[in-house]
Amino acid sequence: MTTGIIKETTLFLSFETAGLLLLGFSVLWVLLGWWLGRKTKTIDDHMLAGRNVGLALGTATAMATWVTANTTMVAPQFAYEFGILGVFGYSLGAVGLILFAPMAERIRAMLPDGCTAGDFMRMRFGHTAWRIFLFFSLVYAMGWLVSLGMAGGILIQALSGIEYRIGMTVILGVCTLYTLLGGLRAVIATDFIQSLIILGGIAFLGYRISTGDMVDRAHAALLTERPQLLNLLLPAALMFLFNNLIFGIGEIFHSNVWWSRAFAFRKGVGAKAYLLSGLFWVPVPVVAGYLAFVAPAMAVNVPRADMVGPLAAAHLAGEVGAVLIFVIIFAALASSMDSLLAATTDLLVEDVYRRHLKPQATPEQRLKASRFMLLGLAFVVWLLCLPDLERMGQILNFAGPFVASMIWPILGGLYWERTSATGVSLSMVAGSVAGLAGYFIVGFYVSALLGAAVSLLVLVAASVAFPGRFELSRGKYDS
């Protein structure tokens, strides 16, 4: 049975080679998860790695988690569609990590025993704002998880011809299994290895692009075939640049993926880890995006825009390039998918199961519930990935208005005493509605901008009219 995901294209990996790569990495990650899982005895161990993660592992897990399939596959897609501004706009994703650095320290100080981003919203703004935030966060998480699952299937089929659903199922299943066995300890340890693989592979691809006459050939091909990609004043590309900046900031500021690490990092580590991870991340989308400019010079047949990165890399370095891009994207997929599965499961356990369904749940019951919910979440994601959906970039950007509308409520809660619960609730809803309107009427490249702008206006107006009375200096929260 075939899928509409991939049209006819050249295959660069044999079925046997792709199968061995899948098997080898799958066994490696699962064994590592099992080995690390032996030390996981409590809910704190499973969810937050004992709250004692150091600088090296902290930097690696933040960087590797942000190098998603969207960095390695969607960055070339946007470069292929928006040109130089597409590459630059995607690289601005590092800004979110860098800006989150001081926030991580403040979060750890305000909630020393916190578990999720939902804990902060509930304690700071009450139940209404917390539930709106929780709904929006879960919408975003599902969109990101589905885009990651799709990317796995697309990658494997594009390079080897292995059926989309098989590749998607293997990658999702492996990430679920080692996260189940080892919790956040396994996630962070595998992220460290995956970050080394990603940086090494990207460095090799950058070297291959920069040697010989490839840069000159790519420039000449663009001038002849796609000169609009060199236009620095392309209106849609300019809108994408600023929209992607806001979207990336919103993704990091609100997501429990990054809050859980702020809680898991050892005291004093968070700010340094996020700053370094942002700096290390910048070259990845730049090199990946440049593959889109190489494609016309090599006459690469691109059936769909989100395949341009893997196909260009394979053309550039033959079977070695195909193996390399396979390994890089497999590592990028795993480093993001495991983190998101773990963080979303934490939200479901702490903010849904514990706070709504079973307030008296013991730590042992929460640990058991965490494992069941992880399996259930993975199954739902698998079901959503089965059909031939829209492009990955469109799926993820649908969540743009939701995440952008949460930027100012998070910042206001951390730094502005007058921020009111009423203002936070209204700003998240109004910003999301405005952003979704822009998404459908104009395009995805304005949705986050509109969401953030409307959210800010509503939050400030409501907080001035109905100011909060919270004193940021009064001390710490008890979760």
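Start with helix α16, residues 363-385. Helices here are DSSP runs of H or I with at least four residues, and strands are E runs of at least two, numbered from the N terminus. α16 has 23 residues and reaches 33 Å from its first C-alpha to its last. That is close to the 33 Å expected at 1.5 Å a residue. The expected span is 1.5 Å times one less than the number of residues.

This is a predicted model, where local features need pLDDT of at least 70 and side-chain atom pairs count only at pLDDT 80 or more, while totals for chains, interfaces and linings use all residues. Residues are numbered from 1 along each chain as its sequence is written, and side-chain values use heavy atoms, with hydrogens and water left out.

**Stay on α16**

Colour the buried residues of α16: R366, L367, A369, S370, L374, L377, A378, V381 and C385. Buried means under 20% relative accessible area, exposed over 50%, and partly exposed in between, using a 1.4 Å probe and protein chains only.

R366 and E350 join side chains in a salt bridge, 2.9 Å from N to O. R366 belongs to α16 and E350 to α15, so the pair ties together parts 16 residues apart in sequence. A salt bridge is a side-chain nitrogen of Lys or Arg within 4 Å of a carboxyl oxygen of Asp or Glu. R366 and E350 are buried.

R354 and E350 sit four residues apart in helix α15 (residues 308-357), so about one helical turn separates them. Both R354 and E350 are buried.

How many salt bridges does this rule give? The count comes to eight. For another one, select R165 and E163, whose side chains meet at 3.1 Å, N to O. E163 counts as buried, at 17% relative accessibility.

**Show the core**

Next, display the largest nonpolar core, which has 160 residues. Such a core is a set of buried Ala, Val, Leu, Ile, Met, Phe, Trp, Tyr and Cys residues joined through side-chain atoms within 4.5 Å. F100, M121, W258, Y274 and M428 have the most contacts inside this core. α15 gives the most to the core, with 23 residues.

Zoom in on W258. Contact means heavy atoms within 4.5 Å. Beyond four places in sequence, W258 is in contact with A62, T65, W66, L97, F100, E251, I252 and Y274.

**Select N256**

N256 lies in helix α12, residues 256-264. N256 is buried, with a relative accessible area of 4%. Look at its side chain: a polar atom there lies 2.9 Å from the backbone nitrogen of A117. Leaving out residues up to four places away, N256 touches C115, T116, A117, A343, D346 and L347.

**Trace α11**

Highlight helix α11, residues 235-254. At 1.5 Å a residue, its 20 residues should span 28 Å. The end C-alpha atoms are 29 Å apart, which agrees. Is α11 enclosed or open? Of its 20 residues, 14 are buried, so α11 is largely enclosed by the rest of the structure.

**Jump to A186**

A186 is in helix α9, residues 164-210. A186 is buried, with a relative accessible area of 0%. Beyond four places in sequence, A186 is in contact with G33, L36 and Y178.

Most residues other than glycine have a negative phi. A49 has a positive phi, near 50 degrees. A49 is buried, at 8% relative accessibility.

Then select R51, in the loop between α2 and α3. R51 has a positive phi of about 55 degrees although it is not a glycine. At 13% relative accessibility, R51 counts as buried.

**Finish with confidence**

Colour by pLDDT, the predictor's confidence in each residue, from 0 to 100. The protein chain averages 84, and 92% of the residues score at least 70. Over residues 1-9, pLDDT stays under 50. The model has 26 contacts for residues 1-9 beyond four places in sequence. Where pLDDT is low, the predicted coordinates should not be read in detail.

Definitions and conventions: Polar contact = N/O pair within 3.5 Å; in protein donor to acceptor, adjacent residues only side chain to side chain.
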